[in-house]
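I opened this entry to record what I looked up in the model.

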Amino acid sequence: MRIKLSRKEYYYLLYHEKISDDLTVSSEESKVIIDLGEETVFELHDWVSDQLQLLGFDKNYELNADGKILDNLLDVLNI
């Protein structure tokens, strides 16, 4: 399954070791397309959802920088 990510989303997942750079199918200036199995997409979605709840909000319950990335990732991974 091919997933189109922004560079921020891509590097966020790489940094947290949820994907590896060998999954990259193509790369443009602002987007990266990766190839993932369906089970991996479901696992990633669960992890992103958990991370959003744990780290994604500031003291006023507004999305912080990580939260914005995680929220966008949920939209991308919602199949």
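I started with size. A compact globule of 79 residues would have a radius of gyration near 12 Å, and the chain has 12 Å, so the two agree. I took the radius over C-alpha atoms, and the globule rule is 2.2 Å times the number of residues to the power 0.38. The C-alpha trace spans about 40 × 30 × 20 Å along its principal axes.

I noted the ground rules next. This is a predicted model, where local features need pLDDT of at least 70 and side-chain atom pairs count only at pLDDT 80 or more, while totals for chains, interfaces and linings use all residues. Residues are numbered from 1 along each chain as its sequence is written, and side-chain values use heavy atoms, with hydrogens and water left out.

Then the fold. I found three helices and three strands in the chain, in the order β-α-β-β-α-α. Both are DSSP runs numbered from the N terminus: helices are H or I with at least four residues, strands are E with at least two.

I checked surface and contacts. The accessible surface is about 5300 Å², and carbon and sulfur atoms hold 46% of that. The method is Shrake-Rupley with a 1.4 Å probe; for residues, only the protein chains shown count as cover. Of the 79 residues, 32% are buried. Buried means under 20% relative accessible area, exposed over 50%, and partly exposed in between (1.4 Å probe, protein chains only). Among contacts (heavy atoms within 4.5 Å) with a separation of 6 or more, 56% join residues 24 or more positions apart.

How do α1 and α3 pack? Helix α1 (residues 7-15) and helix α3 (residues 65-77) make an angle of about 100°, with axes 10 Å apart. Axes are lines fitted to C-alpha atoms, for helices over the stretch in contact, and angles run from 0 to 180 degrees between N-to-C directions. The pair is therefore roughly perpendicular, a label for 65 to 115 degrees. K8, E9, Y12 and L13 of α1 meet D66, I69, L70, N72, L73 and V76 of α3. I sorted these residues into six nonpolar, one polar and three charged.

I picked K4, in strand β1 (residues 2-6). K4 is partly exposed because its relative accessibility is 47%. Beyond four places in sequence, K4 contacts E9, K31, V32, I33 and V76. K4 and L77 lie 73 residues apart in sequence, yet 9.5 Å apart C-alpha to C-alpha.

Q51 is at 14% relative accessibility, so I logged Q51 as buried. Q51 touches G56 and L70, leaving out residues up to four places away.

Terms used: Angles under 35 degrees count as roughly parallel, over 145 as roughly antiparallel, 65 to 115 as roughly perpendicular and the rest as oblique. Ala, Val, Leu, Ile, Met, Phe, Trp, Tyr, Cys and Pro count as nonpolar, Asp, Glu, Lys and Arg as charged, and the others, Gly among them, as polar.
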